[in-house]
Amino acid sequence: MSLIDDELAKAEAQSAESRQQLAHTVVALQSRLKPSALARDAVEELKEIGGEMARAGVDTIKRNPVPTMGVVAVLTAFLTRKPLARLFRRKSTDT
């Protein structure tokens, strides 16, 4: 074989290898861009963020328990305002 034939063979081999690498990259991208894969990745990310937020919240509650109890009391009163109002109305009309 001549020098040109050697260079041509090397170029063809390199071209075939590059095509194969490109094909693997395309397959990998296609699998990562599937809607189910994207949704799974998003759920995992949200789980991580949620866990970090929960840990930060627990740390804040541990550092500030009294204000936390106040907030919980206000939220409880707000969520149960109608039953509480009925309860107090009954007591005032019964007397």
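**Charges and a nonpolar patch on the surface**

Lys47 is exposed, with a relative accessible area of 54%, where exposed means over 50%, buried under 20% and partly exposed in between (1.4 Å probe, protein chains only). The model is predicted, so that local features need pLDDT of at least 70 and side-chain atom pairs count only at pLDDT 80 or more, while totals for chains, interfaces and linings use all residues. Residues are numbered from 1 along each chain as its sequence is written, and side-chain values use heavy atoms, with hydrogens and water left out.

Lys47 forms a salt bridge with Glu44, their closest N and O atoms being 3.8 Å apart; the term stands for a side-chain nitrogen of Lys or Arg within 4 Å of a carboxyl oxygen of Asp or Glu. By this rule the count comes to one salt bridge. Glu44 and Lys47 are three residues apart in helix H2, which means that about one helical turn separates them, and Glu44, at 38% relative accessibility, is partly exposed.

Helix H2 (residues 35-63) also holds Leu38, which is partly exposed with a relative accessible area of 45%. Together with Leu29 and Leu33, Leu38 forms a nonpolar patch on the surface, with about 290 Å² of accessible area together. Patches are made of residues with over 30% relative accessible area and no salt bridge, like charges being joined within 9 Å and nonpolar side chains (Val, Leu, Ile, Met, Phe, Trp, Tyr) within 5 Å.

A positive surface patch is formed by Arg81, Lys82, Arg86, Arg89 and Arg90. Of these residues, Arg81 lies in helix H4 (residues 81-94) and is partly exposed, with a relative accessible area of 42%.

Notes. Accessible areas come from the Shrake-Rupley method with a 1.4 Å probe; for residues, only the protein chains shown count as cover. Lys and Arg count as positive and Asp and Glu as negative; His and the chain ends are not counted. The place of a charge is taken as NZ of Lys, CZ of Arg, CG of Asp or CD of Glu. Helices (H or I, at least four residues) and strands (E, at least two) are DSSP runs, numbered from the N terminus.
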